[in-house]
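Here is a short briefing for a reader who is new to this structure. The topics run from the whole chain down to single residues.

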Amino acid sequence: MPSGDGREDYEAFFTRYDKAKYRLEPHIPECLDRLDVAGRRVLEIGLGQGSEAEQLIRRGAVWTGVDLTETAVRRTASRLVLRKLPHESLCQASVLDLPFPDDSFDVVFSHGVLHHVPEILRAQREIHRVLKPGGELVVMLYARWSMNYLVSIGLVRRAALLAAYPLARLGLLDGSRPLLSAHVSNARQYGLMRYLRMSTFIHRNTDGPNNPFSRVYDLRRVRRDFPDFGVRRAEKRFMHAPPLPVHGLAGERALGWHLWVRLSPRAR
């Protein structure tokens with residue numbers, strides 16, 4: 001944990017980050033308000049900058065967190081210490097091998113992480129193992145039936161790349177659009193038509209062109225990839241489909257990018 005001016009730098013960073021995050025995604029605190037976490041042991045998988053960790057702890061969760069990366073663990077630890085947020089445990093670990101006994105948690109929460117796990121069947125088995133009978137898994141997964149996937153990624157971004165690719169080969173594409181340039185570079189590596197297949201293109205169009213793996217989900221795919229769980233409730237939120245100017249418009253319940261799913265573990 002930094003001392004002196006370093007503490008002030010971290011405090012300013014977390015304040016700015018949370019303000020920007022929840023201005024963009026105001027539905028997150030609303031969704032967390034509906035979870036029953038007060039006094040319950042909650043495991044969060046995937047930590048980012050620790051924003052949801054703080055939200056859960058302030059709602060009374062007995063919180064434990066894991067992340068695959070040392071950076072996320074260190075940042076979250078700094079937030080918890082700086083803001084004097086009580087918690088049970090924080091460690092660097094994989095969802096494929098969680099370092100906890102069976103039946104350890106009342107709730108497992110994961111926001112925007114599990115759709116990046118190729119070995120999802122193994123991951124959901126590990127989550128099932130550490131959840132108590134009668135517990136709950138709460139996940140946010142990218143939505144297949146969304147404006148972002150169907151229109152922005154499926155049509156607009158692919159069309160933009162098709163138009164830009166020959167210009168780049170002629171040396172006529174300037175560097176003013178770095179994301180598009182990165183996609184052109186990927187297309188050169190994979191081959192343009194192979195890269196444009198949605199089975200490939202989706203990986204590079206959720207969390208940046210260097211993102212290695214992503215899935216999108218509807219409830220049928222949730223049931224397929226989480227067979228040890230039953231779906232209790234699901235809703236779509238977050239009308240967001242860059243570069244289309246739809247952010248914040250009506251329609252998120254039908255075409256939102258974030259699919260929030262609450263699942264119950266099946267009996268072993």
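Contact here means heavy atoms within 4.5 Å. With neighbours within four places in sequence left aside, E25 is in contact with H111, F238 and H258. This is a predicted model, in which local features need pLDDT of at least 70 and side-chain atom pairs count only at pLDDT 80 or more, while totals for chains, interfaces and linings use all residues. Residues are numbered from 1 along each chain as its sequence is written, and side-chain values use heavy atoms, with hydrogens and water left out.

**Confidence and elements**

- The mean pLDDT of the chain (pLDDT is the predictor's confidence in each residue, from 0 to 100) is 96, and 98% of the residues reach 70 or more.
- The chain has 11 helices and 7 strands; these are DSSP runs numbered from the N terminus, with helices being H or I of at least four residues and strands being E of at least two.

**Overall form**

- The radius of gyration of the chain is 20 Å, which agrees with the value near 18 Å that a compact globule of 268 residues would have. The radius is taken over C-alpha atoms, and the globule rule is 2.2 Å times the number of residues to the power 0.38.
- Along the principal axes, the C-alpha atoms fill a box of roughly 60 × 50 × 35 Å.
- Of the 268 residues, 52% are buried. Buried means under 20% relative accessible area, exposed means over 50%, and partly exposed lies in between (1.4 Å probe, protein chains only).
- The accessible surface comes to about 12,900 Å², and carbon and sulfur atoms hold 55% of that surface. Areas come from the Shrake-Rupley method with a 1.4 Å probe, and for residues only the protein chains shown count as cover.
- Among contacts between residues at least 6 apart in sequence, 70% join residues at least 24 apart.

**Residue E25**

- E25 sits in the loop between α1 (5-24) and α2 (27-33).
- E25 is buried but has no salt bridge, and the nearest side chain of opposite charge, K21, is 4.0 Å away.
- For charge, Lys and Arg count as positive and Asp and Glu as negative, while His and the chain ends are not counted.

**Salt bridges**

- The whole structure holds 24 salt bridges, each being a side-chain nitrogen of Lys or Arg within 4 Å of a carboxyl oxygen of Asp or Glu.
- R83 pairs with D18 in a salt bridge whose closest N and O atoms are 3.6 Å apart. The pair links distant parts of the chain, 65 residues apart, with R83 in the loop between α4 (70-82) and β3 (89-92) and D18 in helix α1.
- R83 counts as buried at 18% relative accessibility, and D18 is buried at 12%.
- A network of salt bridges links E11, D18, E54, R58, R79 and R83.
- In the salt bridge between E235 and R34, the closest N and O atoms are 2.1 Å apart. E235 belongs to strand β6 and R34 to the loop between α2 and β1, so this pair ties together parts that are 201 residues apart in sequence.
- R34 is partly exposed, with a relative accessible area of 42%.
- R224 and D225 form a salt bridge with closest N and O atoms 2.9 Å apart. R224 is partly exposed at 43% relative accessibility, whereas D225 is buried at 6%.

**Helix α5**

- Helix α5 (residues 120-130) is largely enclosed by the rest of the structure, because 8 of its 11 residues are buried.
- The buried residues of α5 are I120, A123, Q124, E126, I127, H128, R129 and V130.
- These buried residues pack against β1, β4 (105-111), β5 (131-142), α10 (219-225), β6 (229-237) and β7 (258-265).

- D103 lies in the loop between β3 and β4 and is partly exposed at 34% relative accessibility.
- Not counting residues up to four places away in sequence, D103 touches R129, V130, L131, K132, P133 and R268.
- D103 and R129 are 26 residues apart along the chain, and their C-alpha atoms are separated by 6.4 Å.
- G191 is in the loop between α7 (178-190) and α8 (192-196), and is partly exposed with a relative accessible area of 26%.
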